[in-house]
Amino acid sequence: GRSHRSPRPLACTLLAAVAALVPGGCAERLEFDRWPMAVAAHRGEPVVATAPGPITLTVEPSTVMQIGDVVRCMAPAPDEGFLVFCRRTVHHLRPQDRAWSSADFAPVDHQVRVAVLTGRYLATIAGGRPQPHDRAAGPDAEPPPWLLGGEVRLAWLDEGELVIGESELPADVNPWRIRAGRFAGEESLLVFIYSKAPFDDVMRRRPWIYRVAEGQDGLPHLDPRWRGTSFAHPFRDATFCDLTGAGEGEIAALEVAEDGGRLLTAYHFEGFGMEGMAPSLDLPEVEDRLEAAHWLGGREQELVVRRTDGRFVFFALDAGELREALTVDGPRDVLGWVVTNASGGEPGDLVCVLPDGDTWRTDSWQFRE
């Protein structure tokens, strides 16, 4: 079961607003403004950034800091606070004695979309823009993701300075989302691209996996680990996970069935490629977002999707099959959500960001067996 809790102050809650201008001067909220929700942690509590600002950053109930810019994304910097990527600047925020110090850096790019922590490095997708489906691509081509033409760049802190690397991927592969996590025993980066392949001349969404390695120039670079042309089926999202609890790390994918529905599939690395861990599971109508989380506090992770009727559904690997472990009713108007990691054997919370008039608020659901 579950118990619903009234809104409570998080140790750090970041609420922002981003309005995208379209021709004619009309404001339109684009889908990429809803995902990903920037999430980090401070003193064990979730730090949540949702689109859209100007923003107010609440660190402690008595400490409020104003950032007069539009937040694009946010990422934790190991032991050094957070890097908040805005439209014009990058803020380095450090927690110091119930207050925050802030240093501003030159922006990576005014269109930075995503920043993901991988080891001591950040991987960003900078630039790019939404683009409608190109019907000239052919009837077999998948509809493009929301972002095309971006560049993947590594970034890191060096003695308090933010260093931005060069573009790491070919210019024509169109990276549109990145995930960091552990896979096959190694910290890895999952880059989703939209491109043709050597033996597939149709534009499709494809998964590439990299590790971060030092190059001959002494700087970190992306080292290809597996550049697949596809999973078993076309996909809409994927994530690193640990379904077995062994700590090696696997990948789960939200795939597209022949009838247009969604499938949930889990993979591990075998030999030189991906191998399915369990039969693909047919899903009800769900949003195209997949997350991995600990909700029971065990070593194994669960996979969570959100149904179009608002319910959150958790799946676990059980006796070689993916099975539904929990369903939680949720509001239909969620702007963003995250499952906070459980600890000490206690289940975590499902934290949702909800509209509240002209502002936003957080609400949480606590899981109990």
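Which residue in β19 is the bridge partner of A197? The bridge partner of A197 in β19 is D200. This is a predicted model, in which local features need pLDDT of at least 70 and side-chain atom pairs count only at pLDDT 80 or more, while totals for chains, interfaces and linings use all residues. Residues are numbered from 1 along each chain as its sequence is written, and side-chain values use heavy atoms, with hydrogens and water left out.

- Strands here are DSSP runs of E with at least two residues, numbered from the N terminus.
- Two strands pair if DSSP finds at least two bridges between them.
- Strand β17 (residues 175-183) runs antiparallel to β18, and 8 bridges join them.
- Within this pairing, R177 has F192 in β18 as its bridge partner.
- The hairpin of β17 and β18 has 2 residues between the strands, and A184 takes a positive phi near 50° there.
- β18 is also joined by 8 bridges to strand β19 (residues 200-214), again antiparallel.
- A hairpin of 2 residues links β18 to β19.

**Burial of β18**

- Buried means under 20% relative accessible area, exposed over 50%, and partly exposed in between (1.4 Å probe, protein chains only).
- Strand β18 (residues 186-197) is largely enclosed by the rest of the structure, because 9 of its 12 residues are buried.

**Residue H294**

- H294 sits in the loop between β26 (291-293) and β27 (302-306).
- H294 counts as buried because its relative accessibility is 17%.
- A polar atom of the H294 side chain lies 3.3 Å from the backbone oxygen of R299.

Methods: Helix = DSSP H or I, 4+ residues; strand = E, 2+ residues; numbered from the N terminus. Polar contact = N/O pair within 3.5 Å; in protein donor to acceptor, adjacent residues only side chain to side chain.
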